[in-house]
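Subject: Structure handover

Hello,

Please find the structure below, followed by notes on what was found in it.

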Amino acid sequence: MEKIFKLQANGTSVRTELLAGLTTFMTMAYIIALNPNLLTGFATGTPLWNGVFLATCIASAVGMFVMAFLANKPFAMAPGMGLNSFFAVVVGNIAAMTSLSYEASFQAGLCIILIEGIIFLALSVLNIREKIVDAIPLGVRLGIAPAIGLMLMNIGFGSNAGIYSENGGPFYAMRDFFGALTAGTAKTAMGSGYNAMVLSVVTMFIGLFVIVILAHKGVKAAVLLGMLVAAVVYWAGSFAFLGVNPFASLATASFVPPFADMAATTLFKFNFQGFMDMGVFTAVTLIITFCIIDMFDTIGTLVGTATRAGMVDKNGKMPQMKAALIADAVGTIAGSLTGTSTVTTFIESASGVEAGGRTGLTALTTGVLFLACIFIAPVAAIIPAAATSAALIYVGVLMVGGLKKIDFDKMDQVLPVSLMLIAMPISGSIGHGIGLGLIAYTVLKLFTGKAKEVSPLTAVLSVLFLVKFFLAV
């Protein structure tokens with residue numbers, strides 16, 4: 001292990017890396033079931049759903065193994081949130097334009113992901129993606145981590161633990177519980193979901209304070225232990241207050257991987273004819289859109305998380321960035337071959353970094369656990385969202401601390417960072433936040449007589465984002 005991952009040089013140990021990998025896995029295990037739900041319209045148990053489920057586990061693991069052995073970084077990968085929803089919309093549009101079935105349209109959409117992955121692999125090998133990272137101004141780079149921190153807190157408090165009831169849903173803690181004028185109003189609005197919401201909020205805060213206290217005492221596994229305590233609280237509360245057995249699903253769950261369904265629906269199932277039926281302009285536009293979103297989501301996550309972990313130099317640059325970007329590209333290609341949308345670096349990697357993960361052994365551990373979920377997915381599914389919320393909120397708070405590195409006397413840092421702090425949590429997109437930051441930086445320099453300080457690549461990126469925003473591609 002020492003020879004492969006250089007643990008001592010990175011100030012870590014096998015035990016710390018394994019715990020960090022497990023922590024990362026627990027915070028992002030939700031994607032294993034959520035991704036096939038989003039990509040198939042919640043058609044649980046269908047051959048296509050089963051195929052996407054297996055693809056999610058396999059492609060994520062492939063990306064993480066490359067990250068582990070090639071880049072030796074602790075970053076985890078999986079089909080990106082936002083990108084998978086966009087892919088589902090694209091598949092629906094393909095079906096409407098071509099009159100193909102959803103499954104055939106899905107296979108046509110996989111052609112987009114394959115081409116995107118190949119483009120990214122070429123750009124990464126040729127160092128072009130790394131040059132794009134270097135072109136991001138220091139102020140914008142320093143603001144990525146705090147903005148991601150707010151985004152993590154928003155996910156934890158808001159969209160991670162949605163509650164459904166006879167009154168509809170999903171209802172969220174920040175919007176529908178804390179956002180209500182009174183508890184009575186919230187209770188009326190949520191109906192029978194109110195008790196589940198209260199349990200989620202209580203679980204969330206118990207987990208958060210357990211993590212904070214253990215971390216204060218120097219416990220390495222603070223995040224993981226806090227999540228476990230929160231999970232136990234939620235399970236006990238489900239029995240006592242909701243009258244629900246959280247383990248009931250295990251009695252009828254199947255632990256046999258549906259490989260036959262994957263072979264029939266998604267494995268190497270590219271529908272190039274359906275892809276061409278979209279038209280050249282539409283196809284090219286979609287490929288460019290996926291490339292832009294994925295590129296800056298990945299760059300933002302890598303830079304933000306590496307900054308928090310102290311893996312960057314004084315100029316905000318991360319060693320082995322090229323290898324990490326190659327891992328992202330390989331994961332995306334693996335996703336297209338097996339049957340899922342773009343694989344990208346997950347911001348939940350920050351939880352493993354906070355647990356002490358510093359090398360590829362963390363990524364390897366998370367990847368192995370993703371593969372294990374092919375056989376034990378029903379077990380991973382019982383981890384309550386409220387428990388993972390506690391970890392996301394804690395890590396988010398720590399990442400916001402990166403604001404102390406911003407020079408608040410320099411408007412070319414303050415304005416881009418302020419816009420990113422607002423844009424990332426609201427839009428739910430790291431890439432969009434970076435885009436606004438780059439545009440603000442460029443415009444400010446142009447109109448204050450400092451145009452020479454804007455690199456040509458930064459100017460080009462700003463223009464590309466302007467085009468993307470205003471043409472809504």
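α16 gives the most to the lining of the second largest pocket, with six residues. Helices here are DSSP runs of H or I with at least four residues, strands are E runs of at least two, and both are numbered from the N terminus.

This is a predicted model, in which local features need pLDDT of at least 70 and side-chain atom pairs count only at pLDDT 80 or more, while totals for chains, interfaces and linings use all residues. Residues are numbered from 1 along each chain as its sequence is written, and side-chain values use heavy atoms, with hydrogens and water left out.

The second largest pocket has a volume of about 230 Å³. Of its 13 lining residues, Ile132, Cys291, Ile292, Met295 and Leu464 are the closest to the centre. Two or more lining residues come from each of α6 (102-125), α16 (280-309) and α23 (456-471). (A pocket is an open set of points on a 1 Å grid over the protein atoms alone, where a 1.4 Å probe fits, with protein on both sides within 12 Å along at least five of seven lines; lining residues have an atom within 4 Å of a point. Points are joined across faces, edges and corners, and the volume is the space filled by probe spheres set on them.)

By class, the lining has 13 nonpolar, no polar and no charged residues. (Nonpolar means Ala, Val, Leu, Ile, Met, Phe, Trp, Tyr, Cys and Pro; charged means Asp, Glu, Lys and Arg; the others, Gly among them, are polar.)

There are three salt bridges, each a side-chain nitrogen of Lys or Arg within 4 Å of a carboxyl oxygen of Asp or Glu. One of them joins Asp328 and Arg129 (2.9 Å, N to O). Asp328 is in helix α17 (residues 321-338) and Arg129 in helix α7 (residues 128-135), 199 residues apart.

Strands β2 (residues 163-165) and β3 (residues 168-171) pair in the antiparallel sense over two bridges; pairing requires at least two DSSP bridges. A hairpin of two residues joins β2 to β3, and Ser165 stands opposite Gly168.

Regards
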